Amino acid sequence: MEKRRKKRNVLPGFGLTMGYTLVYLSLLVLIPLSLLFVKSASLSWSQFWEVIANPRVLAAYRLSFGASLLAAALNTVCGLLVAWVLTRYTFPGKRLIDGLVDLPFALPTAVAGISLTAVYSQNGWIGRYLEAAGIKVAFAPLGVVVALTFIGLPFVVRTVQPVLLDLEKQVEEASATLGAGRWQTFRRIIFPHLLPALLTGFALAFARGLGEYGSVVFISGNMPMSTEIAPLLIMTKLEQFDYAGATAIAAVMLIASFLMLLLINVWQWRSGKRHIVG
Amino acid sequence: MSTISTDHPVSAVRHTARVTTESPVMRGVLIGAALVFLGLFLFVPLVAVFAEALKEGWETYAASLVEPDALAAIKLTLLTAAIAVPLNTLFGLAASWAIAKFQFYGKQVLITLIDLPFAVSPVISGLIFVLLFGSQGLLGPWLEQHDIKIVFAVPGIVLATLFVTFPFVARELIPVMEALGKEEEEAAVSLGASGWQTFWKVTLPNIKWGLLYGVILCNARAMGEFGAVSVVSGHIRGMTNTVPLHVEILYNEYNFVAAFAVASLLAILALVTLVVKSVVEWKTTLHLAGGEQNHEH
């Protein structure tokens, strides 16, 4: 017992680093964040409800949640496809493409916003063909989905890729030997194995989309009741010095994000893996 | 007999390859579909930034970059990153040392709390500092009495940037340090090295690639943050405008070429970040492969 404790204390600096970590974390993150809840607690329940149940606010929540959900779903399907192609096949330019998948993590959201708007507006490189087909992307709800798809693109790819790499080829061989077709092997053997990673990627992309601001405000057109997202409404309230209103809308968003974070952590704790870059 | 022994393995190999992959046609279709998706959402928008920026030639491009407001924005962005990145790097080093080298109760909770800023919308990240330091905020009246300006001024921008880039270095370093264990450090200490010596000579060389990776991601976000900074900046041209905010102003004034020219700087920064990231990943796989080989021998 004595020996064990001694061994544990060989390395110095626990007090210093731990103390610094806790002080810095509290000052910069925990105290300012908890203030948001203190501030919203100063509203009475009816005041709070009045802000939240306003039709314009409800429409913004609906758009934020709906578009994030759609974008995350699209990213789950296409992200699986991209991860599959990048781990299983060889083709020219693969390494370059693999590196570029992380672009949405590195590219400032404002840049993504103006660029997507230029590409998907009615005169844009892609937008003009969609316009001819009668599909309006920029300055329409669909634009929000496009922006959030860009923002959430790396999450599913990067959570699924390592799992696909770790998957033993022998399992697939065994499945084939036992007479399963390729599709059957994928559906019954590979897919169940990938499911936790897919769900984690989906949740990360969804959570990211929920709070996204920079890329959306340019492409959406910001029309109340139609293309106005919840974070923008917080901004609008702040500009009108309606701090209480901004705080109430933010508190709901924050609780939703924390629930997502909790869910992701529980999944990860169960599958024993920590997620990648956010 | 000899024909069988040469023939058999070959056909077995070919068979295995066939059953664990798709037909060439299917492969082509899947690769094509993935490339179309990435093209629509990644490549085309990336190329568009540069195409729009150079629409009116190199002279207009250069002129939009050296214009005084643009230069002021670049200066402020560099200043913000120069403060935020070192502070969060220091925090990342301290946090990962405490978390990876010691056992304590509530470690998982601490790791989750460090990740918290990633779960918060950028707009809310800015909002909390307005609630704290704004004129109607908790400390607002006191700050006004003492004539200290934080929100709608440079300190607010730095604080918001510190908040959104808070987890980057720590979350890169924690898994790296955990994987390395603490035997090397314990050996150094038992041989008489001081804490600082152990850190500089043993730990730092081992974590340098992970550290660089975290720093470069932290820097990219610090220079590119838009939402949080937008809330606290007040948008005073030439004063409290960072590069991303300057892009927004130019864009909203329909000065598209200038907006994309300034945006292209940030796109180049993003591409450089990705290149450094790839190099670091390549270095770490080499490092790992080397380590495994050593273990085998």
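Is Trp269(A) buried or exposed? In this predicted model, Trp269(A) is exposed, because its relative accessible area is 67% and a residue counts as exposed when that value is over 50%.

Trp269(A) lies in helix H14 of chain A. Together with Phe37(A), Ile255(A), Leu259(A), Leu262(A) and Val266(A), Trp269(A) forms a nonpolar patch on the surface. The accessible area of these residues together is about 640 Å². Helix H14 of chain A, which covers residues 243–271, gives the most to this patch, with five residues.

Charged side chains are the second topic of this report. Side chains of opposite charge can pair when their charged atoms come close. Over all chains, the structure holds 14 salt bridges, and the table lists some of them.

| Salt bridge | N to O distance |
|---|---|
| Lys277(B) and Asp102(A) | 2.6 Å |
| Arg182(A) and Glu172(A) | 3.1 Å |
| Arg208(A) and Glu212(A) | 3.0 Å |

Lys277(B) forms a salt bridge with Asp102(A). Lys277(B) belongs to helix H14 (residues 256–296) of chain B, and Asp102(A) to the loop between helix H5 (94–100) and helix H6 (103–106) of chain A, so this pair joins two chains. Both Lys277(B) and Asp102(A) are buried.

Arg182(A) forms a salt bridge with Glu172(A). This pair links distant parts of the chain, 10 residues apart: Arg182(A) is in helix H11 (residues 182–211) of chain A and Glu172(A) in helix H10 (residues 169–177) of chain A. Arg182(A) and Glu172(A) are both buried.

Arg208(A) and Glu212(A) also meet in a salt bridge. Arg208(A) counts as buried because its relative accessibility is 18%, under the limit of 20%. Glu212(A) is buried as well, with a relative accessible area of 2%.

How values were computed. Residues are numbered from 1 along each chain as its sequence is written. Chains are lettered from A and ligands numbered from 1 in the order in which they are written. This is a predicted model: local features need pLDDT of at least 70, side-chain atom pairs count only at pLDDT 80 or more; totals for chains, interfaces and linings use all residues. Side-chain values use heavy atoms; hydrogens and water are left out. Patches are made of residues with over 30% relative accessible area and no salt bridge: like charges are joined within 9 Å, nonpolar side chains (Val, Leu, Ile, Met, Phe, Trp, Tyr) within 5 Å. Accessible areas come from the Shrake-Rupley method with a 1.4 Å probe; for residues, only the protein chains shown count as cover. A salt bridge is a side-chain nitrogen of Lys or Arg within 4 Å of a carboxyl oxygen of Asp or Glu. Helices (H or I, at least four residues) and strands (E, at least two) are DSSP runs, numbered from the N terminus. Buried means under 20% relative accessible area, exposed over 50%, partly exposed in between (1.4 Å probe, protein chains only).
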